[in-house]
Structures are given as structure tokens and as C-alpha cells.
There are 2 protein chains.
Amino acid sequence: MFAGGFTGVILRVDLTTRTSSTEPMPADVARDFIGGAGVGIKYLFDEVPAGADALGPENKLIFSSGPFTGTTIPCASRMAVTGKSPLTGAVGMALTGGFFPAELKFAGYDALIIEGKAEKPTYLWIKDGAVQFRDAGWLWGTHTGDCQQLLKDDLKDQGIRVACIGPAGERQAKVACIINERRAAGRKGLGAVMGSKNLKAIAVRGSSEVGIADEAKFKAARSSMREEMRQSPVLYSAFAKLGTPMVVDLTGALGILSAKNWSETGVFVPVEQLGAESQKEVNIGRNPCHNCPVACSQIKIARTGPYEGTIAEGPEFETYYSLGTNTGVADQGAVIAADRLCDELGIDSMSAGSAVGFAMELYEKGILDSAATGGIDLRFGNAEAMLEVLRLIALREGIGELLADGVKAAAEKIGDEAGYYAMHVKGLELPAYDVRGAKAHGLNYATSYTGADHNRGYAFQEIFGIPVPWEVDRFSYDDKGKLCKWNQDVRSATCDCPTMCAFLLDTSLPATAPANTAALMEAVTGLVYTPEQIVDVGERVNNLARAFNAREGFGRPDDTLPRRLMEEPLQEGGSKGQLIAQADLDAMLDDYYTARGWDVATGKPGRAKLESLGLGYVADELEV
Amino acid sequence: MFAGGFTGVILRVDLTTRTSSTEPMPADVARDFIGGAGVGIKYLFDEVPAGADALGPENKLIFSSGPFTGTTIPCASRMAVTGKSPLTGAVGMALTGGFFPAELKFAGYDALIIEGKAEKPTYLWIKDGAVQFRDAGWLWGTHTGDCQQLLKDDLKDQGIRVACIGPAGERQAKVACIINERRAAGRKGLGAVMGSKNLKAIAVRGSSEVGIADEAKFKAARSSMREEMRQSPVLYSAFAKLGTPMVVDLTGALGILSAKNWSETGVFVPVEQLGAESQKEVNIGRNPCHNCPVACSQIKIARTGPYEGTIAEGPEFETYYSLGTNTGVADQGAVIAADRLCDELGIDSMSAGSAVGFAMELYEKGILDSAATGGIDLRFGNAEAMLEVLRLIALREGIGELLADGVKAAAEKIGDEAGYYAMHVKGLELPAYDVRGAKAHGLNYATSYTGADHNRGYAFQEIFGIPVPWEVDRFSYDDKGKLCKWNQDVRSATCDCPTMCAFLLDTSLPATAPANTAALMEAVTGLVYTPEQIVDVGERVNNLARAFNAREGFGRPDDTLPRRLMEEPLQEGGSKGQLIAQADLDAMLDDYYTARGWDVATGKPGRAKLESLGLGYVADELEV
């Protein structure tokens, strides 16, 4: 029997008919998928038909928190947003934190499934079980920070939490994100999906409490988790103090901090300007998610130059890459201002920054000329040009129209020569880590169900040197298929489904995460799992997501890396000489598919594997 | 006996010693000055010594609401902010609306007197009678919108209301304002005073109710007021729909909408681009003050051009002048973006816009060259240049350093020739109305205790044609001294002291305002006034303010107008040929001083007048 929060109340909203209804989450869905990404992908596979237009009314947008969201368990105020990605055509799933996820729970819902398409710009006002469809024509065009404040003012309740899109989502730019507070469900273009549905915002307010199945077990599990967090060597020290930008220095030292659209890794690494030391001058405060004792998220302020006084929550490490090293901009203030601009306009700073870096390389190589850029001098390092192009991307104007759908689409429009410089997998732009120097991480880019996504199977063993489940050599290809599977499954099971902060796993708790998740699940929901059964949830999710992608036509040939990473060795730094040759990638893929029990030739999951995970109906659907 | 709110609880905060205390407002102060501007000026006169440095610790900053603030009486959520003005050296008093004034009342305070100077950047956190002095080092440099949100997040209460300064106030730019929500205590440089005290912000939260002396009388007075508001021909129709920008059209038709630093009134009047008709495309919502049924304040959005998507609360009419017609910028989007920029940086859009227009005329006349502007092409109509100069003013950089202290100080630095183009009275930049075509309004510019301030004695008779207390010819000088006195006293008594919205007086209730104020006072505070005694409060306040200025050295020679208005007749439009010659101004001044019972030669109040108003101690102080 489930307690309050986790019985799973699903709010289903049909924008076409302007109707809403609630339904209980079926017990087997709750048990098999836990929540968050698992629940999102379950409903995505089951309800969005093969070949659906990601920007059409058939696509759905699923907001799903985890069973611990809204409780006093730390680091659990997170939420998955899932839909078919317009950027990749594959599973689109991104997680966000902050306060909106907990507030949605307080309003009574574990998941919110958005269907159809509103006739006119609309926002949803969800208050303690009541749902209103309200005109958003007046909000159309507003930036995300303003949109949130305007809704609080208009609804006369400053405690409301809002998830919304900016101009980019409205224009269905495929690099558009969804913003709540200053947080983003950033990648895979889910803001464009929201825009395609004419849904500007979701405002939420709730006053209910999240039920706990067993208070005594709850307190014990929470204490145990807190104790383990305290024992982490970095969580409350370097990580809390510096947040993710501490990784600028680390990846710089490892020679895997990508720069200038991946043309100069290990050469242009302005760690002094953008790394940990430089943070002291710009960090002005920390802004934790609901109930988080770590508070890694830093508010930063531009101190000098034309952006003086501009603040952002972030940049996070990935944004120091995408808007910093990747564009050759080493100016703190400009990167902070660009990060803020991305948030306000509602574009993913990673994909949008990658698109700018891509265009800069083409401009320097003469593939894009001044006519194409509208006269913008788009050289690496030109901060003002970067900011202007980001604005144009969000508005789909000028060069921005070319870049607004990501580098893959842009390269296809520009022509063959450009494709070599388009750094993406399955259409999703690469994260910061130059995986030529971190092989399992590279395999994860190639195989992640969302495209080149560092967050679906982060190889902390290679980046941080944490020897769990075994010690690894980051340059070696041995057993990286198995490691990648472990990372993907454990990440899904202990972070993405229960919507626990991934930084816990990466920085402190990987060895005990499955057992901790099991203990928390029993305490909060009454469901009993072994640690192995928790990991099984991760495997189930990865198989179901893979099945979704297979149904959309994805297979082994799509599990690849940009040619540059397979042909150009790193020229300098801590990973000098490294690349991932096609043959080495192939060997890792063989190892990976074998570990997964998938067909090595096609990369597809077979019936036996699917049935072993309780996904027999998926095998029927795929006809395998 | 006074009821809850109006007994007058004063919170006194000493930033030097980091101590606070409360004291009751003395009964005679409450009775004689009501609240708001009256109370502010009373404490200013009594406690800030003659010759005090406006930016030194001797100056005080007094936040005072009215007795109805926080009740359900409409249009009363306002607050006066009073101090010695660094811009003029005279009384600095500006009113603001929104929610902060009511929240301060809910926290238990009718007035807040800030004294001394904090050693380091500080903010005040006032919650239900508890006062904390908190570090604001981390907030220093932030824009006003961000500052407010950061404080709500940091204090973990989204319902907090904040009044703060931006970068301009921190740098003590004398055109700096104080912002709460998106409202401003805009003029007279009170933001610089706050900055000089190292006070970044005041955060307030309260939960108490405002006491009512007589509930039955309260309901009757409130009903009667609401009924009268409903009978206004414009309040709930044109005014609620369009807000103050409706005055763009009106003043354009009258030929008194100033343009291009007052060089082209009646010629450059882009009413189509900036007037009522144009508002339909940019108004996206209304944002009432606490408990206001009218909601005149409009949220506007830039629809096209480089500022697309930028919103502002406003521009109000005066800002369409200062950042629009006055700078020759007829682009809606640019004016909206400039208004937002002023709010975020914490500069008064009126004074700062005037400074930009002033610099533009000097640039076009060759008095300021490209070296002086730092290469900015500061021609009339250059929107981008306007925005850049506004930013520089707030940061005191480049040409902004020259303009940050207003046009009077800038003209003095530039030299004699520039003085002719510096449009101000007593150092306060002129409002929009070209008073060459509205003589009583001109006399008010000349004599207002805050400098050229349209809000201290608004001549609605000349602008709107409302025949109260008598019908007037706007071009005539007859009886304008008496009219000006009436306007100043009634405005003080029925708006500035009870902190009732001035738009009520201007648009609907001038004839009955004193009686209404008396009825409301009796209902809320138990104090009984005749309508005449209410008006006496206004006269008392104007005399006390005049005495403050006299003590600072101001006299008849300072009651003047810029030479341009006395020498250049209007060239075209509905007031063609009009000016206010020195002789005509002198005649009006004679009439005015006589009506006021002041010495006609010096313009100073004498002992008899002061004693008749219960201000004998002021006569002693002035040695008159």
C-alpha cells in the first residue's frame, strides 16, 4: 500500500479540449518506474505514437517528480520533463530543480501530462487540485523572469511557482528550454514542445503535505543519508562553495575541457579567468533548491565591462564551456551576461552556446560569410557578437534562424562541408567533456537515449577518479561497455527516477546509492526493494527509452560520435594524442550491447531482455 | 483617541550604531500633519540641521505612509520618502505606491526614520516589529528587480516587499531613485541619500491589521468615496484603460508637450507613435497598487526592434516625455526599454531623460563634442545612444559622470553657455508640461518646495479644464497666484499627507476632496476635522517646507523658470506664441506670496503666518 505522495496522482490536461482529469498512477507503474524520468518515459512510450510530430499536438509533455519530492529528504526537489524531442526525434527528457517540483507536489500531483494544443496562447493555473485554463495572450513575448513575476502579481500570490517558456519556446526554436525560477529543464528542445502547444506557462500553488508511509523508517533513512552526505570529501566543502564550476579546473587539468568548437581542446583553457579561483570575485550568494542543505547553485554578478551589474544563477560548469571556452570568450562578465540572456529568452545555454561556437568556426573558416551573419563579426572570442547571436537565435531572426534548431539542422542547411564541424550526437549538441580523454564518457555520449547527454550516464570514475564500481583508466577501452551500462542504469535508478540530485551520486554516494534509494522508497512509499531491484528500474528505463528510439528508427548507426573526435587527436594538455577511433568505438559498442543483452548488429533490445524487465508488451510493439 | 494604525508608531533606525527604537507619533504631529509628506517634512525640519550635507550622515531618510494605508480604502497604498535633496539642496520628498507602503504598515509602522550611515553595505529586514541589520555586501551592484528577488529568496519568503536602490544610488548619482516592486520614489535624488548611508535595501513583512476607529463611519466613508469614484467621467474608463499616457494626446493637442529639450514644443509631437492609440499594441496588463480598484498602471512590452520582449511598468506620461519626446525618440520599444533600464539601474526616468535631452541639444549645438560623449553619436532621436548614456549615468562612467548629478550641475561643469539649455528649477529637471501654455502650472514649477515638480500643485484646471475651485483661462495670469496656492495646499492636504493617490484629485474628486479626507480621517483615526481644517494641513506643510528651504538660503530669486521659457515663445501648435515673461512671472509671484501671506520681497513666511499655523517654533528658528 502506498502512502500519500506516492500513490501517484496524475493530472492529465488536454489543451485542445480545455479539460483536465486526475487518475491514480497504476501500482505496477509506480513500482517498476518509481517516478521522474521513469514515469515520463513510460507514458511517452505508451501514449505518443511512432512517427509523431514532436511539435504537433500528438506529442505530450510530462512533468513528473519523484516520490521524495516535497518531503524533508534533502536534494529531492527535482522533476523530469519528458516528451519526444524536436531536436533529436528521440526521447526528450530533462530534469530541473528549484521549487516548482515541490510546489506541484503540494498542489496534489506527482505527474502532470500535457496533451493536445491550445487554440490560443494559454497558461495553466493549478491550485490545490483546481485547474484553470487562462489566456496568455498578454504574456506572449515576455522573458521568463518577467513572465513569472507578472503571473505572481496577476494571481495576487507571490508564493506561486511558475514554469514557463520565453520567446524562443514561443517560436519553437529547437534549442528552447523551460524555465522555473532561474532553473531550466534545458536540453532537447522541450521549450519548443511547450511552445508548439501554445502553452506559455504553468503556475502552481499547493498547501498539502506529502504522505510518509513509515515515519520511523523515514527519519532513520533521512539521517543515514545526511550522515553519508557529511562524510563526502567534497560535498559540503569545495562543491558547496564553488558549485559545478570547480569542474572547470579539473577538466582543464585533465585536458578534456573543450574549446573553440572542439578545435583546440587543451590549448585554449582559460582556467584562470573562468575557473574556481575566479569565482571568488563573482559569487554573491547561493540559491538552494527546496530543502537542499548543500546549496551548490551560485548567484554570480558581472563586475566589469558593459554587463556590469548583470546577475545570473550560474553559469554552471557546462555553461562556462558552451558560452565560454567553446566560443573563445574568456570574460567572466560576458559569460554571466550570456547565461542570463539564455535564461531570460528561454534557450538552452549548452545547445545555443554550441551553435554559436559552431557558427564562429564556420565564420573563421570562411564557410559562413559576413552576409550570412548579417554583418556580425562572428570570430571566436567576440563576446558582443555571441550575445547578439544568442538573442537572434531566440527570436529566429537573421543568423539566428539558421541556428535556432541546433547545429545538426544548421549544418544540413549550410551543406556538407559544415557537417564536420557540427558537434552533436543524434542532433543533441555535445557537453563540455572532451571524451577523447574519457572513453566511457564518450561511449555514453554515443549511446545515451537522449543523444550526447553527459547526465544520463556520467562517468565519474573517469572524471573524478572515484573507483566505483571499479577503478578505471580513462584512456583505456577495456570494459567500458559494462561501465557505461552500470553508469546509465544506476543514474536512472537512483537519480532520474526518484528525482534525486545527480550531484549526490557523482560526488559522494555512488556505492551506496541503490541501497539508500531502497531505504528511502520503503520509508516514504512502503514499497520494498533490494538494491539490485532498484538498479533494475534503471535498466528497465534505459530499455524502454531505447525501445522508443528504436520505434522511431534509431539503431546502432546512430550510436556514434562526431567525426572530429574519431579523426583528430587532442593536440596538447593532459589528454594529448587521444582520440576515439571508429574501431575503438565499435569495440566499446559491442561490449556495451552485449552487457545490455541487446542485438550487437542492430543495437536493439530483444524480446528476452524486454520480457525479463516486465516489458513484454514493448517487444510486441517493436515486433522483436 | 487614535485607533491602531494612526496612533502613529515611528520606527527609528540608526545605521551608525546599528540600533533601532520605536516611539509614538506625538498627538499634535499626527493631528497637524496627518501623515505622509506632512510627517516627513515635520521630522526633516526638526531633525536635519541647517546646511547639512544631503549625502552625509546628518541627513535623514523618512518613509511615511498615511493613516489609510493598509486599510480597504482604495488608492491609499502610498508612502512619502523625505530627506534633504542632494539634487536641489531643498526639501526632497517623493511619493511611491505599490505594496511596500501597506506592508510597512502591516509590520507595525506608520513611519520609518533612517539615520546615520552604515559602515558597510547593509540592508534592513523588518518583520512584524523585529528589525535586523544585515550585510548587503553581496547585494551591492545588483539591479533593483534582481535585488528584490534575491532578498525574497534569501529570506525564504516570497511575500516580502522590498524598497531598494540600484547601481546609481550606490554611486550616489543625484538622479538616483528608490524602487519598490516596479514603482519609484523617483525624483530629487533620494536614492543617492540611501546610497550615501550604505543602505541597499529595506525588506518588510508584516501580518498585523490596521486599526479603524469607527467601523460604521469607515464603511460609510469608503462607500461614499467609491461612489464618487464611479461617477468620475474618466477614472474607470479612459484613465483606467490607458493610464497617464492618455495625457500625451491631451498635452499634444494643447501644444504643451515639451520636446527635444524644450526647443521644439508643438513641433515634434509624435502623438501617433507614443500616445493613446499606440498603447493598444503595447499594453499587456495592469498592475494595481495594494487595494486599488482603478489599476491605472500599465505593463507594456516592446514589440519590435532590438528591444523586442522587454517589458516595463510604464512608461507613464512623464517618461514618454523625458525618454521620448524630450530626446526625440519616437520609438515605443526604445522608450519602454529605456524606462525599464532606468528602473533596473535605479535612476529617475524624468531627471535622467532630461539630462540625456540636454546633452543631445549641446551635442547638436557643438557645445559637447564627440570626445566628451566618448564617441557616442548623441543626436536627438538616437535611441541606442540614449540607452547607453542612461547606463553610463547610473554607473557614473564617461559622459554619465558629467550627467549623473542632473542638468544644473552638468551645466556648471560645462560652462556658462550650457546653462541656458539646462531646463530645471532649483536643480530639479522640468516635468513634461510646457508651462508657457499653462501659467499656474508654471508658477507651481517656480514655487514648489521641491523644485520644478508637477506633483506638488498640479494645475488640473489648466490641463484638464476642470473648473475647481473656479474656471480658468490657461493663458491668463490673473489670480494664478491664488490658484497655485489652492492647488498646492489641497494637493498636500488630500494627497501627499494622507498618501492618497493624486490621480483621484486630478481626475475626479477635487471639489470634494477635503470633505472626503475629513470623513475618512474621522472614520479611521477618530480625529475630527472640518474640510477647511484639512486644507489648513496643506498650508501648514507648504509653510514648513518653505521654512526648511528658507533656512537653507532659498528665497524669491530661486522661484524662477529657465530663461528659455521666459524668452522663447512657443513656435507652433495649440500654445503658439506663448511664453512667461519675467514681468509676468513676477506679477504671479507677487499674487502668490500675497495669497500665502509671505513677504513679497523675500518670499519668506513671516511670524504671523507661521504662528497662525501653529508653527511659532519655526519662526523662532528662522528668526523672522
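1. Conventions. The model is predicted, so local features need pLDDT of at least 70 and side-chain atom pairs count only at pLDDT 80 or more, while totals for chains, interfaces and linings use all residues. Residues are numbered from 1 along each chain as its sequence is written, chains are lettered from A in the order in which they are written, and side-chain values use heavy atoms, with hydrogens and water left out.

2. Chain A overall. The C-alpha trace of chain A spans about 65 × 55 × 50 Å along its principal axes. Its secondary structure comes to 28 helices and 17 strands; these are DSSP runs numbered from the N terminus, helices being H or I with at least four residues and strands E with at least two. Of the 624 residues in chain A, 69% are buried (under 20% relative accessible area with a 1.4 Å probe, protein chains only; exposed is over 50%, partly exposed in between). Among contacts in chain A with a separation of 6 or more, 69% are between residues 24 or more positions apart; contact means heavy atoms within 4.5 Å.

3. Domains of chain A. The chain is divided into domain 1 (9-205), domain 2 (244-423) and domain 3 (435-561 + 581-622), with bounds from an automatic or database domain assignment. The C-alpha centres of domain 2 and domain 3 of chain A lie 28 Å apart. Each of these two domains gives 10 residues to the contact.

4. Helix 9 (residues 246-254) of chain A gives the most to the domain 2 side, with three residues. That side divides into seven nonpolar, two polar and one charged residue; Ala, Val, Leu, Ile, Met, Phe, Trp, Tyr, Cys and Pro count as nonpolar, Asp, Glu, Lys and Arg as charged, and the others, Gly among them, as polar.

5. The interface of chain B and chain A. Here 32 residues of chain B are in contact with 32 residues of chain A, and the chains bury about 2400 Å² between them, 42% of it on carbon and sulfur atoms. Gln158(B), Ile284(B) and Glu308(B) supply 21% of the area that chain B buries against chain A, more than any other three residues. The rule finds six salt bridges across this interface (a side-chain nitrogen of Lys or Arg within 4 Å of a carboxyl oxygen of Asp or Glu). It also finds 10 residue pairs in polar contact (N or O atoms within 3.5 Å; within protein, one must be able to donate a hydrogen and the other to accept it, and residues adjacent in sequence count only if both atoms are side-chain atoms). Helix 4 of chain B gives the largest share of the chain B side, five residues. By class, that side has 10 nonpolar, 10 polar and 12 charged residues.

6. Salt bridges between the chains. Asp146(B) pairs with Arg340(A), the closest N and O atoms being 2.8 Å apart. This pair runs from helix 4 of chain B to helix 13 (residues 332-345) of chain A, and both Asp146(B) and Arg340(A) are buried. Arg182(A) forms a salt bridge with Asp153(B), with the closest N and O atoms 3.2 Å apart.

7. Salt bridges within a chain. Arg546(A) and Asp559(A) meet at 2.6 Å, N to O. Arg546(A) counts as buried at 8% relative accessibility, and Asp559(A) does at 2%. In chain B, Asp489(B) and Lys485(B) meet at 2.9 Å; both lie in helix 21 (residues 480-496), four residues apart, about one turn of the helix.

8. Helix 4 of chain A. Nine of the 11 residues of this helix (residues 144-154) are buried, so it is largely enclosed by the rest of the structure. Among them are Thr144(A), Asp146(A) and Cys147(A). Just after the helix, Lys156(A) takes a positive phi of about 55°.

Conventions
Buried area = accessible area lost by both parts, 1.4 Å probe.
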